[in-house]
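Subject: Handover of a structure for your review

Dear colleague,

Please find below the structure that I am handing over to you. My findings follow it.

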Amino acid sequence: MVKPNGSATRVTPELLTLDELTARVGISVRTLRFYTTKGLLPPPVRRGRSGYYTPEHVARLELVQELQSHGFTLAAIERYVAGIPADASPEDIALARTMLAPWQSDLPVEMDHRRLETKAGRTLSDDDVATLQALGVLRRRGTTYLVAGNQLAIGLRLLELGFPREVAVAAAAVYQEHGEQMAKELYEVIRDKLAPLYDDAQSDRFREVMERLKPLSVGGLVTAYEAAVARTARNPRA
């Protein structure tokens with residue numbers, strides 16, 4: 001980019017133009033501008049007369065898309081996004097995405113420790129919080145927590161039953177390992193069998209297929225897991 005006086009304006013590599021951003025996240029310019037007017041996305045940063053978009057813009061758009069894929073209304077998405085600090089980093093926004101699941105009927109709620117204890121109806125030690133975190137009931141965000149409200153009662157009951165923290169941590173490691181393996185194998189299936197059916201893997205049609213496939217993939221994994229657990233419970237020595 002060149003200024004009117006002939007000197008160059010240097011744009012850092014992480015900044016994207018409008019066209020680059022829409023191509024990266026797979027939405028139209030019209031949709032992007034609509035999101036901006038609704039407050040789901042902050043305005044672009046200015047560099048001279050031009051506007052550019054940052055990794056934070058990308059992360060916020062991906063969060064909005066994730067919320068849409070879970071079936072939340074625009075009003076619910078607006079309320080949820082409004083609760084994310086304006087200076088949230090891409091990592092903070094990604095954390096909000098990790099708390100979403102296709103079967104959730106409610107969005108995660110941000111709470112400080114006092115509010116969490118009030119909601120729980122009991123005192124929560126550091127070990128209790130660590131166990132709930134390993135179980136996926138909550139995630140830390142600085143000095144607060146993102147809490148999956150519809151799973152909190154389940155986690156609290158496990159605490160009452162004396163569920164050990166180390167078991168929760170070990171289970172989380174199993175979920176992580178096998179989740180990554182499933183994602184890798186599913187990617188290979190898509191690359192080898194699905195992508196060739198479309199002329200352009202970056203097309204709007206292919207992107208829509210991927211967005212609609214994601215909750216079904218997670219649902220299929222959950223169903224397979226539940227069936228496997230039931231079989232193991234019936235025949236634990238097999």
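At what angle do helix α1 and helix α3 pack, and how far apart are their axes? Helix α1 (residues 18-25) and helix α3 (residues 55-69) pack at about 35°, and their axes are 11 Å apart. Axes here are lines fitted to C-alpha atoms, for helices over the stretch in contact, and angles run from 0 to 180 degrees between N-to-C directions. Helices are DSSP runs (H or I, at least four residues), numbered from the N terminus.

Before the remaining findings, please note that this is a predicted model, in which local features need pLDDT of at least 70 and side-chain atom pairs count only at pLDDT 80 or more, while totals for chains, interfaces and linings use all residues. Residues are numbered from 1 along each chain as its sequence is written, and side-chain values use heavy atoms, with hydrogens and water left out.

L21, R24 and V25 of α1 make the contact with V58, L61 and Q65 of α3, where contact means heavy atoms within 4.5 Å. By class, the contact of α1 with α3 comprises four nonpolar residues, one polar and one charged (Ala, Val, Leu, Ile, Met, Phe, Trp, Tyr, Cys and Pro count as nonpolar, Asp, Glu, Lys and Arg as charged, and the others, Gly among them, as polar).

Helix α3 also holds L67, which is buried at a relative accessible area of 0% (buried is under 20%, exposed over 50% and partly exposed in between, with a 1.4 Å probe and protein chains only). From L67 to I77 the separation is ten residues in sequence and 6.6 Å in space, C-alpha to C-alpha.

The crossing of α7 and α8 is right-handed. In α7, D128, T131 and L132 meet G155, L156 and L159 of α8. This contact of α7 with α8 has three nonpolar, two polar and one charged residues.

Yours sincerely

Terms used. A crossing is left-handed if the near helix is turned anticlockwise from the far one by less than a right angle, and right-handed if clockwise. Helices (H or I, at least four residues) and strands (E, at least two) are DSSP runs, numbered from the N terminus.
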